[in-house]
Amino acid sequence: MIDKLEYFIALARERHFARAAEELGISQPTLSAAIRQLEDQLGVVLVNRGSRFQGLTPEGQRVLEWARRIVGDARTMREEMRAARKGLSGHIRLAAIPTTLAMVPRITAPFQQKHPDVTFSVLSTTSLQILSLLENLEIDAGLTYLENEPLGRVTSVPLHAEHYHLITARNGPLADRESVTWREVADVSLCLLTSDMQNRRIINRHFAEAGVKVRPTLESNSTIVLFSHVRTGRWCSIMPRNVALSFGFHDEISIVSIVEPAPHHIVGLVATHREPFTPLVSALLHEARILTEGGLDQ
């Protein structure tokens with residue numbers, strides 16, 4: 001039953017039998033047979049079928065909620081038993097919005113020092129994708145904004161107060177200023193994150209509050225790409241100060257505060273709320289709380 005529920009979760013996520021089978025490492029006939037068997041066991045139709053996958057039935061949607069809960073509990077049980085035998089070990093899957101990537105080592109490094117048998121994988125993605133990945137049990141935790149947009153049923157630990165600065169080359173526009181307004185920033189050639197990023201939606205809102213509309217001449221979902229273009233002197237960008245400093249090259253750039261308004265936005269660690277947490281997630285949340293005991297970074 002657990003295996004069939006995992007297959008069902010993968011199918012609901014991929015919305016395609018062949019892709020789900022490939023992800024699971026099984027044949028498509030094996031996946032189809034398992035879903036049929038699950039339907040027979042539960043006595044309901046879970047999937048609308050035609051020549052291709054056509055979505056879940058209402059019963060399928062409800063079973064998906066149970067499947068996530070049951071599979072999550074089963075994984076927690078297995079991890080607890082492994083920790084009881086061998087101590088804390090295993091693999092933690094993290095996802096982070098681009099502006100939090102620079103702070104990931106502040107959690108992973110002390111965690112791995114305490115628990116050397118734990119490994120990590122880190123994905124860079126959007127805030128909305130983080131919530132979807134958590135819901136589908138594809139990651140264990142995420143680093144994202146804790147405000148502005150709904151998070152759903154998660155446990156969160158605030159880590160950092162994100163302030164926005166104009167990042168420009170030393171010889172670039174407005175580089176000699178101590179502060180600039182959002183209205184002034186709108187007049188320079190900007191490279192910004194793509195509009196699917198919550199950071200960009202926040203920045204757009206602050207420009208709107210200042211009565212201007214921003215039209216960047218370059219967009220990317222990578223802060224590395226943005227910073228590389230800033231260094232050419234032809235573009236400026238808007239980033240939190242800690243992100244800009246993480247790239248080095250301090251002598252080549254100017255970091256200028258943006259005011260009118262000068263807001264801050266809280267980012268932190270989130271994990272799907274459940275009781276109990278897996279030992280790995282519980283230890284990760286503990287490490288995040290240690291990081292914030294001295295107050296939020298600015």
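At 28% relative accessibility, R75 is partly exposed, a class that lies between buried (under 20% relative accessible area) and exposed (over 50%), with a 1.4 Å probe and protein chains only. The model is predicted, with local features needing pLDDT of at least 70 and side-chain atom pairs pLDDT 80 or more, while totals for chains, interfaces and linings use all residues. Residues are numbered from 1 along each chain as its sequence is written, and side-chain values rest on heavy atoms, without hydrogens and water.

R75 forms a salt bridge with E6, with 3.4 Å between the closest N and O atoms. The pair connects distant parts of the chain, 69 residues apart: E6 belongs to helix α1 (residues 2-14) and R75 to helix α4 (residues 58-86). A salt bridge here is a side-chain nitrogen of Lys or Arg within 4 Å of a carboxyl oxygen of Asp or Glu. Helices (H or I, at least four residues) and strands (E, at least two) are DSSP runs, numbered from the N terminus. E6 is partly exposed as well, at 22% relative accessible area. A network of salt bridges links E6, R75 and R78.

## Salt bridges of R13

By the salt-bridge rule the count is 14. Among them is the pair R13 and E23, at 2.3 Å from N to O. R13 lies in helix α1 and E23 in helix α2 (residues 17-24), ten residues apart. E23 is partly exposed, with a relative accessible area of 40%.

R13 also meets E138 in a salt bridge, at 3.2 Å from N to O. This pair spans 125 residues, from R13 in helix α1 to E138 in the loop between α6 (127-135) and β5 (141-145). E138 is partly exposed, at 27% relative accessible area.

## R274 and its surroundings

R274 sits in the loop between β12 (264-272) and α11 (279-291). R274 is buried, with a relative accessible area of 16%. Leaving out residues up to four places away in sequence, R274 touches R69, G72, D73 and T76, where contact means heavy atoms within 4.5 Å.

The side chains of R274 and D73 are joined by a polar contact of 2.4 Å. A polar contact is a pair of N or O atoms within 3.5 Å; within protein, one must be able to donate a hydrogen and the other to accept it, and residues adjacent in sequence count only if both atoms are side-chain atoms.

## Helix α11

In α11, the buried residues include P279, L280, V281 and A283.
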